[in-house]
Number of protein chains: 2
Amino acid sequence: MPLCSTDSRENPLYRQLAALYEQAIAAGTLAPGMRMPSVRELCQRHHVSLTTALQVLRHLESEGRVEARERVGYFVRGPGGSALPGAREPEVHEPLARDPQVFAGINERISVFLDKARRAGPVPLDLGSAMPAPSLFDAKALNRLAQGLLREQPDILVYGPSAPTTHPEFQQAMARHALTFGVCVAPADIGATHGNSEAVNLALDAVAEPGDVIAVESPTFFGILQAIEVRGLRALEIPCSPRTGMSLEALELAARNEPRLKGVVVVPHLQMPQGSVMPDAHKERLVALCVEHGLALIEDDIYREFVESPHALRPAKAWDRPGDAGQVIYCASLSKSFAPGLRQGWMSAGRWQARVQMLKFARTRNMQTWSQLLAARSVASPAYERHMRRMRAQLRIQREQSAQAVARYFPAGTRLSLPPGGLSLWLELPAGISSTLLYDQALHSGIRIAPGPMFSNTGRYEHFLRLSCGMPFTAQVEEGYRTLGTLMAGQLAEQPLLPRKAA
Amino acid sequence: MPLCSTDSRENPLYRQLAALYEQAIAAGTLAPGMRMPSVRELCQRHHVSLTTALQVLRHLESEGRVEARERVGYFVRGPGGSALPGAREPEVHEPLARDPQVFAGINERISVFLDKARRAGPVPLDLGSAMPAPSLFDAKALNRLAQGLLREQPDILVYGPSAPTTHPEFQQAMARHALTFGVCVAPADIGATHGNSEAVNLALDAVAEPGDVIAVESPTFFGILQAIEVRGLRALEIPCSPRTGMSLEALELAARNEPRLKGVVVVPHLQMPQGSVMPDAHKERLVALCVEHGLALIEDDIYREFVESPHALRPAKAWDRPGDAGQVIYCASLSKSFAPGLRQGWMSAGRWQARVQMLKFARTRNMQTWSQLLAARSVASPAYERHMRRMRAQLRIQREQSAQAVARYFPAGTRLSLPPGGLSLWLELPAGISSTLLYDQALHSGIRIAPGPMFSNTGRYEHFLRLSCGMPFTAQVEEGYRTLGTLMAGQLAEQPLLPRKAA
């Protein structure tokens, strides 16, 4: 079926074709779970170019209508993804002020949550942390590497690292690993860290002094807000699209108006908690903007390998130019992907490399040779990619089952966009619901959740919630979703006199 | 031979008896290496009480005439210890001002040294670091524990620590370990850290803000000065006796006159670099002084087990009262004693415990379960004490051989007090010698040393030097001492016109 190609600027060919398939999905002609025509089939069927056919599928994917399954093709999305209204774009396009009426330091707020959890003891169901379940990892492959290393270097645990440097084998392995996703850094510019957290903390130490301002995504991972707060910096929250990440317009406004702005922390892939993936064009513009305004771009890239994508995504660091700028401080870790038990992170700090090395040495000295070598051998092992493919497939199933449970049990008006990968869902609940209260109620029922206020100092996320999909969706998990739904319904029922905002 | 007991206040009995043995040693009647009479033998021989006999031996030990060898007895000290003049007591008894003419930030100075070392590449002879050689550890025992742990808990490396707490098995093991040296802390008040460095850094974060003042020993381990400098604190250096450690008079003066003084960092056992051991009465007074003035006492206790002592020494923390004060932040590590490759430290932060936990979580999250369990099993293993005894004996030999080499090859006027344990010697060189210059010259000859200016911001230690005795004293080490001696003689020969200060 050839399509009309008039008016192609307003409504390009690929959009017209995508609209056709959206209608077919809405009508049920293409049912959830069905395989979409392949790129080649679309070309032949509609007499369009390969590029256009690919654009059609990508557009449908970005709209949440279909999803890619690696090496297989595109499939119509299940009801979990489509039965719920999607996440909303932010309403403002300038940096967000914190609301002094609701403001409490993030550390204080988090300490309160953690303290309650501690007092409650271990809970039967932890939907609060963003970690894949141990069963999702390749424990055997890792254990084999570990035993092999202990046999090969029997005194590795009694060697103290004598020079203040990262192990050369680790530097080589990570530099080669970075090449696979389009980043070229010299081995000597790679430093081992205690997880990604220490890397981001060292980056902040290197680029800012107490009183300086750091731009962050809003909402963002609470660990970033904590790190900013504990060293006397101020976090400036920048609105974020749940699809494309940080608003670069708002960031530019901040760069022009905030003289003490020294850097920006960005999670480009599967931004925590919204799950957005920054398009390449945004990454390129972001790097240029940071170069122009002399801002350090601290790139926290721990979820890159969790994105469902037919090709390896490039981080913003790929657009950094080491020669004249080196403006991007790249931070990553194996903690989420392959070996949580090692806590092995790494970083490449561009123009701040020497300062970061000095600060790292002053603070925690060297890393274990043991875990550096184990990490180096892990990323170089064929087991690594095999495992990542399996884990992505398993997590996709868990995300969808979780989304379906949200659709089944949560109050009407709950909003959710299924992210294109990762470990968690970010939900906007009906406006009357307090996730702080829900945290207490859920804990009482043996369920741990991550309430919205953990992710921002603006007070905008009281009725938001992050739920982990890191564990297999068992009957116990399903029961947990039902319990959460009941608790929320109870909250709504007890507020009959409050005017209900439109969801 | 009964002694005269008149005038016992001026010259108590034990002193008279000790003087007798000092004369016998000076005359060569008792030769170096000979076994001293035992406590019981002294009692019978001189008709004195057990207490007096013990006082005699302790006094001779504190004077450097004899030394204790655990479970064996006391021995006359070798010529290495006695052929050199001992270290001098500090001349001032008030906090030391930095000399603005020589001041450079410690990090800048250290980065220059490190950078030179890095550019020189690995050196044939490293006398610069204070680590025992790998051959001094029980690599087999540790490797066996490690392999056992991997077999027993095959998926230990894929478990991410889910709660922001230290592993309970580690807390239990360290609390029981602390009991063996007289410290009682609840398991819940023990936190795992990345080596002792992170513990001291967290302690500083917890007790002080930029601009505050922290009292330190002078000279002190450069890592402590670095940690203070990188967070915008100011170090106030307190004079230290090479025998008994920090001058409490000078500290009290500082506490009275410095309103921004928030804490004091002390290495009570084998203070780095001087090697002093703080007497129990000083520790008790130090704790009381900190309680009185509201100062945090940050106790860095990584060398306690390296002291040659017939009984386990108690840290200052043993005098802390958790009920009403909890004024001592105790920091320790297994990095020097048993497992350098684990980088496993721990701390118990008294009244700052909750704050330290929060800061630790914000900064580096949790520790590896793997290394916590391995450390817990290490300290509980019978191999641990056996190993420490062997290592102390081996280090004693290496210290004495090193001191003998100093006596043989270094210029006249070099001063050295053999410390009662540990990994290094602290030398005062003749006043005309620059250890900064010696650092460059030695590096050129393939030898790394730790020059005096790394250990202070006051500019007082240009002609001081720390040398490691961590490795077995081979012909290569001996040749290194000879080379250092020649280089120093060269420095002195080139300054014929400078007035030479009395050594």
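## A salt bridge in chain B

In this predicted model, the side chains of D320(B) and K317(B) form a salt bridge with an N to O distance of 3.3 Å; the term denotes a side-chain nitrogen of Lys or Arg within 4 Å of a carboxyl oxygen of Asp or Glu. D320(B) is buried at a relative accessible area of 9%, and K317(B) is buried at 8%. Buried means under 20% relative accessible area, exposed over 50%, and partly exposed in between (1.4 Å probe, protein chains only).

Residues are numbered from 1 along each chain as its sequence is written, and chains are lettered from A in the order in which they are written. Local features need pLDDT of at least 70, side-chain atom pairs count only at pLDDT 80 or more, totals for chains, interfaces and linings use all residues, and side-chain values use heavy atoms, with hydrogens and water left out.

## Salt bridges in chain A

Over all chains, the count comes to 52 salt bridges. One of them links D205(A) with R231(A), whose closest N and O atoms are 2.7 Å apart. D205(A) belongs to helix α8 (residues 195–207) of chain A and R231(A) to the loop between α9 (222–230) and β6 (234–241), so the pair ties together parts 26 residues apart in sequence. Helices (H or I, at least four residues) and strands (E, at least two) are DSSP runs numbered from the N terminus. R231(A) is buried, with a relative accessible area of 13%.

R392(A) and E385(A) also meet through their side chains in a salt bridge, at 3.8 Å from N to O. Here R392(A) is buried at 8%, whereas E385(A) is partly exposed at 37%.

## The interface of chains A and B

D205(A) also meets R363(B) in a salt bridge (2.5 Å, N to O). Across the interface of chain B and chain A there are 2 salt bridges. Each chain gives 60 residues to the contact, defined by heavy atoms within 4.5 Å.

About 4,800 Å² is buried between the two chains, 59% of it from carbon and sulfur atoms; buried area is the accessible area (1.4 Å probe) that two parts lose on being put together, summed over both. L157(B), V158(B) and R363(B) supply 16% of the area that chain B buries against chain A, more than any other three residues.

## The contacts of F410(A)

Leaving aside neighbours within four places in sequence, F410(A) is in contact with several residues, among them L427(A), L465(A), Y481(A) and M488(A).
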